[in-house]
Amino acid sequence: MYIKTESIKKMIGGNIIFEQLTMELQQGEIVGLIGRNGCGKTTLLQLLSEKETVDLGRIVKKKGISIGHLHQIPMYPATYTGIDVLYEAFNQVLSIQQELKLYEQQLTEAKGEKLEEALQRYGELQEHFMQLGGYEIDAKVQKVIQGLNLNGFVHTLFTDLSGGEQTKLMLGQILLREPDVLLLDEPTNHLDMHAIEWLEEYIESFSGAALIVSHDRHFLNVVANRIIELEDEELTQYVGNYDDYVSEKEARLLLEFQQYEEQQKKIKKMKEAIKRLKQWANEANPPSDSLHRRAKNMEKALARIELVRKPIVSKKMSLAFDTATRSGKEVVVLDNMSKRFNQPLLKHVSLTIRWQDRLAIVGANGTGKSTLMEIMMGKIQPDEGVCRLGSNVKVGYISQKFTYDNSRIRVVDAFRESVSMSEGEARNILANFLFYGYDVFKKVSDLSGGEKMRLRLAQLMHEEVNVLLLDEPTNHLDIDSKEVLEETLQQFEGTIIAISHDRYFLNKLFSKIAWIEQQQVQLYEGNYDWALTRRKTSITEIAPSVKQKPIQKVCSRVESRDFEKEIASLENKLICIQTQIDEETHWSKYEMLLQEQQHLQSDLENCYEEWLQYQEDSEM
C-alpha cells in the first residue's frame, strides 16, 4: 500500500465536499477518478499531495514514497526556457555532475594524500551519479520532448509560453522525476493524439501507482485497472477500466432499484396489515387486546427495518436541436485551397462535404484544424483556390475559445442576447443545462470551462441550424454531459463537422475522418480507429526498408562512390524515420527508432566529412 485515506472529511466555505471518505492506492494500480464537475476530485488530489489538509480523519502514506502532482504552474527565473524546466527534474543529479567537474579540475592539480582523497571522493560521486542514471538524462529528456510533442516551443522562454504549453512542460517534468505515485488532473488536456497515445504507453509501463482524474473515456479504457467514482460525497469502487465500470454500474443500479422496490412493497404490506389489525381489534366486542398487541409488535418490526436508500440518478443536461430546413446536397466544397501564415499551413486541399455527413477533422496541434474550420465559415479567406458553402446552409458554431463582448454580463442575459424570450422563460431553459437558482446570475467571466460550454450549447439549441461546426465540443465537459451531447448529436438530422481529440467521441459519432498532416488533408471513410489503422499501414508501405532491417553504415572511403546520391539517400531515410517516430506509440519500438535515427544522423555527418575530404584531396 502506498497511500490510504481513513474517514477523511473536507469542507470549503462551509460546504461539505466529502466526509467519511476511505480509499487505498497500491503499487501497480492505475486508478481513474471520475465524477461530475465540482464534486471534489481535484480537492482529493490536493489532500493526497499535502497541498491542503483534511478537517477530520487522516491520510497514511508509505514511508519514503515520492509523489508527482501537477497542481499549479510554479515561477521560474525569467531566463528559463522550456528545456531548462525539463532539466529541473534532475536537480540532484546535475548538482553531482557539477561537483564531479570541480573534482576533475582538482585532480589535475592535487598531489600526494590530497590526490588520493580527491580520487576516492571522485569515485564515490561517479558511482552515485551512475546509480541515479546521470548518463541517461539527455536521452530521457529527448524521449519526453518527442513523446509530448514539445519540439515547437521547448527552447522558448517559459514566461512567454501559453498556459497549455506550460502545462505540457510541467507534465513532462513530472514524468522525468519518475515518482512512486502520479497524481494527474486531466492530463490529456492540451495534448494532441500522438502525445496522448505516447502518455498511455508511458503509464501502462509505469511501475508505481497512479490516481488520474479524467473525463477521457478512451484514455481510461487503455490505462486504468480500477475506477473510483466520487458521487454524493461518497466513493464507489469498480474493478477494471471505464467500459467495465459502465457495465458494473448499470448492473448495480438495476439491483439497487430491485432491492428498493421489493422493500417498499414489503413496507406497504406491513402498513396495510397493521391498519387491518387495529381495525379488527377495535371492531371486536369487547375490543381485542391480542390484536392490538400484534399490531404493536408489527409496528416495532417495521421501525427496525434498515431502509434501502432509493438509488439517485444524477441530473443531466437536456438537449434538443431546432433543426432548420435541409441544405443542398453539397454543404462545403474546398477546391485546390491553400492558406499560409508566414509559412504554408494548408496546401492544395480539395474536399467535398455533403448533406448529413459526419466528418471529423484530426491532426497534431498546429497543423491548421481550426484554421480550416474558420475558412469553411468564411471567417478567414484562402490565399489560393476556392471554399464555398452550398445552398440554404445555416451554420451553428461552437469555438473552443469562448469570447463575449462584455465578459461581465450575466449568464441569463448572455443567453437572451442570442435567443429572444423573457427572463423567466430563459431561466427555465437554462435549468435544463444545469444552471439552477443563483447560477443564472453569475458573470460569464466567472464561469468554468464546462459552464461556458453548457451556456454555448444552450444558445445553439435554440438557433435554427442545419450544419454544426464544433471545435473541441467535449472539452471541459464531464462524462455525463458528454454522453448527453453525443446522444443529441446522433439525433441531429443535419450535417456535423467537428474537431476533436476525444477518441471515444470520434469513434461513436463520425464515419469520415479528415486527417491533416504535412499541409495536406487525407480523407478516410470510417471512424477514428479505422483511419488510424489505415494510416499506419500506408506509412509502413511507403517506408518498409527502415522497419524491416537495421540501418547499416553506407559511407566508406571509396574514390568512385557517388557522394551526392548517398547523402540524398540518407536524408530521405531520416525524413522517413522521423515520420515513424512521430507516429509510434509503442515505447520499446519508439526507443529503437530513436537509436536508428541517431545512427543515420551519424552516418550522414560522416558522409559529409568524407565528401569534403575527398574534394580537398581531388584539388591537390
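A: Strand β11, residues 343-354, contributes 3 residues to the lining of the largest cavity, the most of any element. The model is a predicted one. The lining as a whole consists of L351, T352, I353, D357, L359, K512 and L523. Sorted by class, 4 of the lining residues are nonpolar, 1 is polar and 2 are charged. The volume of this cavity is about 30 Å³, and the structure holds 1 cavity of 30 Å³ or more.

Charged side chains also pair up elsewhere: the structure has 29 salt bridges. One of them joins E486 and K508, with 3.3 Å from N to O. This pair connects distant parts of the chain, since E486 sits in helix α15 (residues 479-491) and K508 in helix α16 (residues 503-509), 22 residues apart. E486 is buried, because its relative accessible area is 0%, whereas K508 has 38% and is therefore partly exposed. Both belong to a network of salt bridges that links R217, K482, E486, D502 and K508.

The side chains of K4 and E6 meet at 4.0 Å, N to O. K4 has a relative accessibility of 24%, so K4 counts as partly exposed; E6, at 25%, also counts as partly exposed. K442 and D439 form a salt bridge at 3.9 Å, N to O. Here K442 is partly exposed at 25% relative accessibility, and D439 is partly exposed at 23%.

Conventions:
Residues numbered from 1 in each chain as written. Predicted model: local features only at pLDDT ≥ 70, side-chain atom pairs only at ≥ 80, totals over all residues. Heavy atoms only, no water. 1 Å grid on protein atoms, 1.4 Å probe; cavity = no way out; pocket = protein on both sides within 12 Å on 5 of 7 lines; lining within 4 Å. Points joined across faces, edges and corners; volume = space filled by probe spheres on them. Helix = DSSP H or I, 4+ residues; strand = E, 2+ residues; numbered from the N terminus. Nonpolar A, V, L, I, M, F, W, Y, C, P; charged D, E, K, R; others polar. Buried < 20%, exposed > 50% of the residue type's maximum accessible area, 1.4 Å probe, protein only.
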